[in-house]
Amino acid sequence: MTDRIAPFAGFGLGLRRTHFDDFLSGDVPVDFVEVISENYMVDGGRMLRILDEVREKHPVIIHGVSMSIGSAGGLDADYLARLKQLERRIDPLWVSDHLCWTRTSAHNSHDLLPLPLTGEALDVVCANIDRAQDALGRPMLFENPSSYLTFPQDELTEWEFLAAMAQRTGCYLLLDVNNIFVSARNHGFSEDDYLGGLPLDRVRQIHLAGHTRGETDQDIIIDTHDHDVCDDVWALYAKACAMLAATNVPVATMIERDGNIPPLPELLSELDKARAVSAGALEPA
Amino acid sequence: MEAPMTLADMQKAFMDNVLDEGSAMPAGWGNRHAAGLNVYRGNYRNALVEALRATFLKTGIWAGEAPFKQAAINHVIAYPSDSWTIDDAGAGFDETCRAFFSASPEVAELAWLEWMMLRAFSCPDSQPLSLDQFSLITGEYEEAQWLGLQIALVPDLAGGLVRHDLHAMWKAMEEGAAHPAVSQGEERGILIWREGERPTFQMVSSEEVAVLQSVQAGESFGDICAGLAGGSASPEEGQDAIMRAGGILGRWVQSGLITALHAEQA
């Protein structure tokens with residue numbers, strides 16, 4: 001397995017059905033697109049034809065939600081085979097998924113469930129990542145999830161867990177700035193501690209998204225991806241960009257929108273803001 | 001002293017609680033965990049109900065928003081997802097509709113149709129024979145070759161029997177027209193496949209569905225003709241069966257349902 005992935009800098013969007021025609025008919029000013037892997041892990045038909053066409057115009061990242069890298073029961077062989085088939089077809093820039101679990105031997109949650117941050121969970125995650133990366137023949141990126149509870153058994157912070165995971169498996173990190181914000185508010189940790197504790201030289205991509213706040217400060221914040229990126233998350237993004245610049249490793253940034261999806265020009269305008277915030281963060285004070 | 005919970009145990013308890021709020025929470029968990037689990041449970045149900053709504057768009061229109069949502073919630077609770085792809089959440093939803101809308105049996109038939117159309121949407125790509133290609137291949141066939149003919153069909157071509165005019169129901173919803181009156185009638189056939197990239201269906205005779213099932217079971221054209229003749233030794237009935245089978249074959253070629261022909265001597 002190649003143990004490194006090519007650095008890539010740029011600004012991209014998630015490819016959603018609402019925007020298929022825009023991407024097929026026009027020259028959309030993005031440096032890459034990201035697709036949800038599972039939507040294209042199919043035998044044939046329109047989805048794959050569209051992805052093939054988009055791939056001719058843009059680098060593509062395949063981003064999964066169902067690998068279930070934290071499952072104590074291991075990975076699903078059928079899932080892995082289909083992901084590999086897609087990876088071979090598309091030759092994506094990167095293959096990514098989430099630090100979470102989504103399935104037991106009997107059921108699937110279709111939601112990113114939280115892991116207890118324990119040594120046992122770390123062993124399970126690392127073994128599963130090794131298997132996935134061996135099957136794909138390339139390192140993967142894993143994203144920090146939003147979470148709505150923590151476990152009494154936790155032995156590590158999330159950033160310590162991610163750092164150990166990356167160090168042991170050689171995987172890379174997809175830093176979701178919105179998820180850091182959401183989890184920090186839900187669990188009361190410091191965003192600065194989080195960013196400062198990560199191996200930033202392993203970060204290759206950033207996700208930006210919106211979330212839904214409760215009616216009071218005590219309510220759990222939900223990672224809904226159905227709003228614009230809020231000011232607090234932009235500020236955290238600027239801080240992350242400044243810290244990542246010190247590693248001299250290029251990083252790609254993407255706006256991730258899954259609900260209340262606006263017309264493409266609105267998302268492109270938000271992406272322009274990401275470009276401006278990133279550039280501003282790198283200017284000397 | 002109680003042994004610490006393993007990751008596998010924790011994940012089972014967590015998943016049980018996501019699927020059913022009545023399930024016991026792991027020992028030592030309090031209100032804060034209950035609130036978090038509530039979010040995950042809500043996410044799970046919303047994701048699956050929305051997936052059902054997207055798959056069964058016409059069924060939802062026909063049944064009405066609130067009854068459809070209740071049926072979807074019932075389905076999600078009764079049949080927890082066991083697949084990595086959320087598309088599979090719709091498996092068996094027609095049976096849920098059959099029980100939930102027992103006074104309106106057309107709803108279950110509509111749900112079954114939409115489920116088969118979803119399957120067709122992402123089935124393997126194929127290249128059907130054109131009419132010219134079919135004519136070229138079969139033009140020189142001797143009788144024995146016709147009788148031994150094996151027919152390969154487009155993947156995921158499905159057939160079934162229904163008792164409602166799904167075509168009229170579908171057309172009315174496509175046009176935004178008032179729901180036509182439906183009543184349970186004679187059993188008739190329906191074929192579902194993908195035309196290019198678009199799933200489609202056609203109402204046919206129940207005999208045509210029986211022929212489809214015979215082809216999919218690997219029967220030759222001769223076997224199918226014999227089946228349609230019902231074992232009759234009458235030359236007239238035998239000839240009539242050949243004509244009917246040939247008519248079906250012709251329609252399938254015109255609809256782009258045949259991908260290959262293999263002539264073996266009967």
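This is a predicted model: local features need pLDDT of at least 70, side-chain atom pairs count only at pLDDT 80 or more; totals for chains, interfaces and linings use all residues.
Student: How many residues of chain A are in contact with chain B?

Tutor: Two residues are in contact if their C-beta atoms, placed from the backbone, lie within 7 Å. By that rule 33 residues of chain A are in contact with 35 residues of chain B. On the chain A side, helix 2 (46-57), strand 5 (101-103), strand 6 (108-113) and helix 4 (119-136) each supply at least two residues. Strand 6 of chain A gives the most, with five residues. Helices (H or I, at least four residues) and strands (E, at least two) are DSSP runs, numbered from the N terminus.

Student: How do the residues of that side divide by class?

Tutor: Ala, Val, Leu, Ile, Met, Phe, Trp, Tyr, Cys and Pro count as nonpolar, Asp, Glu, Lys and Arg as charged, and the others, Gly among them, as polar. The side of chain A that touches chain B has 15 nonpolar, 10 polar and eight charged residues.

Student: Which strands of chain A form the barrel?

Tutor: Strands of a sheet pair through backbone hydrogen bonds, either parallel or antiparallel. Here two strands pair if DSSP finds at least two bridges between them. In chain A a closed barrel of eight strands runs 1-2-3-4-7-8-9-10, with parallel pairing. From one strand to the next the twist averages 25 degrees. As one case, strand 9 (residues 203-208) and strand 10 (residues 252-255) of chain A run parallel and are joined by four bridges; A:Ile206 has A:Thr253 in strand 10 as its bridge partner.

Student: Which helix packs on the sheet there, touching strand 8 and strand 9 of chain A?

Tutor: Helix 8 (residues 231-245) of chain A does, and its direction makes about 170 degrees with that of strand 9 of chain A. Axes are lines fitted to C-alpha atoms, for helices over the stretch in contact, and angles run from 0 to 180 degrees between N-to-C directions.

Student: What is the pairing of strand 3 and strand 4 of chain B, parallel or antiparallel?

Tutor: Strand 3 (residues 188-195) and strand 4 (residues 198-204) of chain B pair in the antiparallel sense over seven bridges. One bridge partner pair is B:Gly189 and B:Val204. These two strands form a hairpin with two residues between them, and B:Gly196 in the turn has a positive phi of about 70 degrees.

Student: Is A:Asp91 buried or exposed, and what of A:Leu93?

Tutor: A residue is buried if 20 or more other C-beta atoms lie within 10 Å of its own, exposed if 12 or fewer, and partly exposed in between. A:Asp91 counts as exposed because it has 9 such neighbours. A:Leu93 is found in the loop between helix 3 and strand 4 of chain A, and counts as buried because it has 24. Leaving aside neighbours within four places in sequence, A:Leu93 is in contact with A:Phe8, A:Phe32, A:Pro59, A:Val60 and A:Ile61.

Student: How do helix 5 and helix 6 of chain B pack?

Tutor: Helix 5 (residues 93-100) and helix 6 of chain B pack at an angle of about 170 degrees, with their axes 8 Å apart. That makes the two helices of chain B roughly antiparallel, because angles under 35 degrees count as roughly parallel, over 145 as roughly antiparallel, 65 to 115 as roughly perpendicular and the rest as oblique. Their contact has seven nonpolar, no polar and two charged residues.

Notes:
Residues are numbered from 1 along each chain as its sequence is written. Chains are lettered from A and ligands numbered from 1 in the order in which they are written.
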